[in-house]
Amino acid sequence: MYNIALIPGDGIGPEIIKEGKKVIEATSSKYGLEINWIEYPFGAEHYLKTGELLPNSALKEINDMDAIYFGAIGDPRVKPGILEKEILLKTRFYFDQYINLRPIRLYKGVPCPLKDKNPEDINFYVVRENTEDFYIGIGGRFKARANQDHLEVLRKLYKAKIQVDFNLEQEEEVAYQVGLISKPGTQRVIKYAFELAKKKNLKRVTSVDKANVLTNIYGLWRDIFEEVSSQYPDIETEFSFVDAITMYFIQRPEWYRVVVTPNMFGDIITDLAAMIQGGLGIAAGGNINPEGVSMFEPIHGSAPDIAGKNISNPTATILSGAMMLDHLGEIKAAQAIEDAVEKVLSEGKVRSHDLGGNSSTIEVGDEIVKKLKEV
Ligand code: IPM
Ligand code: MN
């Protein structure tokens, strides 16, 4: 029996999570799993009504559970950054979910925006670091003269040879945000990427950075990549600058097997990667702490413009559910979901709006459940 925390969240979150839950329940009855869902109301609606975002008491409760199944967060009524930082990022950080695993796979039957690229050309993993880099939340905004504390911070930074291109005594608004990576934080994510390659028998790991400009932070990243990779002599390695990899994802996606990336670049390149696998409606992900509580969610956001219309594509969420079962060791049940999704996509009879069809959110979920009985 598994205890799963359910956080549907905002926008299309509730409708896609409903389908994901339905598919997992259908799989569970087939494979004899028992799932106890513990649903939480956190998100914009709850925040606007109560002022509460995500209390530590809930995180403590979830700490005893097996995983989190998460819909989406974000609402036009709330200033950007509040829900994202205080709900989603808070959870990633609290449980130290240091891996953001995003499989990029073009399924048969899914239209690909790249000319002449087929399912066999687009099938790789992005392993995104998930707790460091520019996501650590250290920074500030201030007017130099108005705020002495911040001025002090800036002076210290200035002495540390960080270039600040203005006169400190002038009253000008200033903002700074610090990116930081640690040796252990980098070692563990790169090691995970190599272990994944080994487990899946994939022979190349690509490291993403911008070590030609941000020489300190990504210089350390590179040193650690080289150190870790030396323990995997059978796996080919390469470095790629982040700007270049956006080009290569379009030009030759077939080259990639496992791509390991710092947090912020990983955020950006996985939206791009989602598009080449047929769009955000398909792109699944997991925030993983191999030793702790992990959280599974689609890459996409809450899509408030189409919320409540029953036209969103629940596939990314359903595939994230499969990743969750796989993570829990229910390999067969996870595979069954992926096979069912694959069948529905390749048949194309039931097809969501984003993929050019007109099936509803619920119809897509129902069709996947139907196919589950056949796989
Ligand atoms: C993602 C999202 C989040 C991120 C936001 C909502 C905080 O874009 O999961 O990719 O930047 O990690
Ligand atoms: Mn993102």
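**Aromatic pairs, charges over rings and loop residues**

A303 is partly exposed, as its relative accessible area is 24%, where partly exposed lies between buried (under 20% relative accessible area) and exposed (over 50%), computed with a 1.4 Å probe on protein chains only. This is a predicted model, in which local features need pLDDT of at least 70, side-chain atom pairs count only at pLDDT 80 or more, and totals for chains, interfaces and linings use all residues. Residues are numbered from 1 along each chain as its sequence is written, chains are lettered from A and ligands numbered from 1 in the order in which they are written, and side-chain values use heavy atoms, with hydrogens and water left out.

**Positive phi in loops**

- Most residues other than glycine have a negative phi.
- A303 has a positive phi, near 40°, and its place is the loop between β12 (294-296) and α10 (315-327); helices (H or I, at least four residues) and strands (E, at least two) are DSSP runs numbered from the N terminus.
- D116 also has a positive phi, near 65°, and is found in the loop between β4 (99-105) and β5 (123-129).
- D116 counts as exposed because its relative accessibility is 62%.

**Aromatic pairs**

- There are 10 aromatic pairs, counted where ring centres of Phe, Tyr and Trp (its six-membered ring) lie within 6.5 Å, with planes under 30 degrees apart called stacked, over 60 edge-to-face and the rest tilted.
- The pair of W37 and Y69 is tilted, because the planes stand at 35°, with the ring centres 6.3 Å apart.
- This pair links distant parts of the chain, 32 residues apart: W37 belongs to strand β2 (residues 35-39) and Y69 to strand β3 (residues 67-72).
- W37 and Y69 are both buried.
- Y40 and F42 form a stacked pair, with 15° between the planes and 5.6 Å from centre to centre; both residues are buried.
- One aromatic cluster is formed by F194, F225, Y232 and F239.

**Charges over rings**

- R204 lies over the face of W255, 3.5 Å from the ring centre; a charge sits over a ring if NZ of Lys or CZ of Arg is within 6 Å of the ring centre and within 35 degrees of the ring normal.
- The charged end of R252 is placed over the ring of Y248, at 4.1 Å from its centre.

**A buried loop serine**

- S359 is found in the loop between α11 (331-347) and α12 (361-372), and is buried, with a relative accessible area of 6%.
- Not counting residues up to four places away in sequence, S359 touches K349, V350, R351, S352, H353 and V364, where contact means heavy atoms within 4.5 Å.
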